Amino acid sequence: MNALYNLALCPTSCSHSTPKHNTKWKTEVNGTATVALKGKALSRASSVTGKQRRIVSAASVTELTRVSETKGRQNIPTEKQLVDPFRQGIITEGGVRYRQTVVIRSYEVGADKTATLESILNLLQETALNHVWVSGLLGDGFGATHGMVRNNLIWVVTRMQVQVDEYPIWGEVMEVDTWVGASGKNGMRRDWLIRSDVTGEVLVRATSTWVMMNQQTRRLSKMPEVVRAEISPWFIENKAFEEEIPEKIYKLDTNAKFTNSNLKPKRSDLDMNHHVNNVKYVNWMLETIPHKFLENYQLTRMTLEYRRECSSSDVVESLCKPEEERFEERHQDRNVDNGDSLASALFQDGNHSKSFKAYTHLLQITGDKESEEIVRGRTIWRRKL
């Protein structure tokens, strides 16, 4: 769920410090021989066969060496891999679906020894990236393909839904399945299923919609044909769950019942795309809900609609409001025959009107100008047993 920078050779006009030892050295940059001469000659270009050669500073060569070593340490596949032994991952279902076996670790659980929502969201992001990794399509970006890198594009999520039927517990072995499909002309859908390896039961379902954004202009972009050609062979039609008619998430105003203001991103909150990670958004949203409510209820469903990115210099305000109307009134006309639907999962409880509560959320950037929305959200909570 980053930043790609092209290394530029230092122009001949840049200054260099005189080397301590007057020794000649030679290296290759992008397959082209580059020679640095003694002393002050480092700052001059040499002419070979009538063509100008660029002179590279020692710092530039060090950076190129570092990048080469980093890629070697990452060992990113250039071809499709059916098995990923280091991550306990395999490609399934006709060679397009990714499955990874994971264990819920001690630092991924809370006081009740169940996985936190933050851990689950991080797990979804990690398996998605690992899917791209084994596909052989991963470029030098945060899940970006080679074609995206060449077009200076990155992925951004526009909508995400997570349904937790049961939280994984500490030490439990899980199987995480993830796959992608088309979403309109210029988007991609990614789904996940998390199963218990022991019981085989699906504990978590999630789906998301992604579009491309130009990394420099920060504007949304159409999908280039070269990228479509890369990812479309991986598309399948399966869905983690069928979303009922998408509910409109209304924008809260400043009169929301609960508010948490003056939230400032930390450096550790930024991802490789240089904006605040999606998981941090969720933490800000949930921290605004009263602690007493969180003691008695557990999140079972979350829908997020992303409006814009948040940078390290932004000041954020988190608003939330409990929904006044009874939960069943919003869902009584839904089809509950499909076991993969939200209504089916919730209406299995005969006392759903008392067991479930809902909140509406808003994260926005505040400042001198008019507030700008970051994400709208809706969460549904089940009373703890």
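By class, ten nonpolar, six polar and five charged residues line the second largest pocket. Here Ala, Val, Leu, Ile, Met, Phe, Trp, Tyr, Cys and Pro are nonpolar, Asp, Glu, Lys and Arg are charged, and the others, Gly among them, are polar. The model is predicted: local features need pLDDT of at least 70, side-chain atom pairs count only at pLDDT 80 or more, and totals for chains, interfaces and linings use all residues. Residues are numbered from 1 along each chain as its sequence is written, and side-chain values use heavy atoms, without hydrogens and water.

The pocket lining has 21 residues, with T116, L117, L286, L294 and W381 nearest the centre. Helix 2 (117-135), helix 5 (278-287), helix 6 (291-296) and strand 14 (297-306) each give two or more residues to this lining. Helix 5 gives the largest share, four residues. Helices (H or I, at least four residues) and strands (E, at least two) are DSSP runs, numbered from the N terminus.

On a 1 Å grid over the protein atoms alone, a pocket is an open set of points with protein on both sides within 12 Å along at least five of seven lines; in a cavity a 1.4 Å probe fits but cannot get out; lining residues have an atom within 4 Å of a point. Points are joined across faces, edges and corners, and a volume is the space filled by probe spheres set on them.

| Space | Volume |
|---|---|
| Second largest pocket | About 600 Å³ |
| Second largest cavity | About 130 Å³ |

Residues lining the second largest cavity include H131, W155, R190 and W234. Helix 2 and strand 10 (187-196) each give two or more residues there. The largest share, three residues, is from helix 2. Seven of the cavity's lining residues are nonpolar, four polar and one charged.
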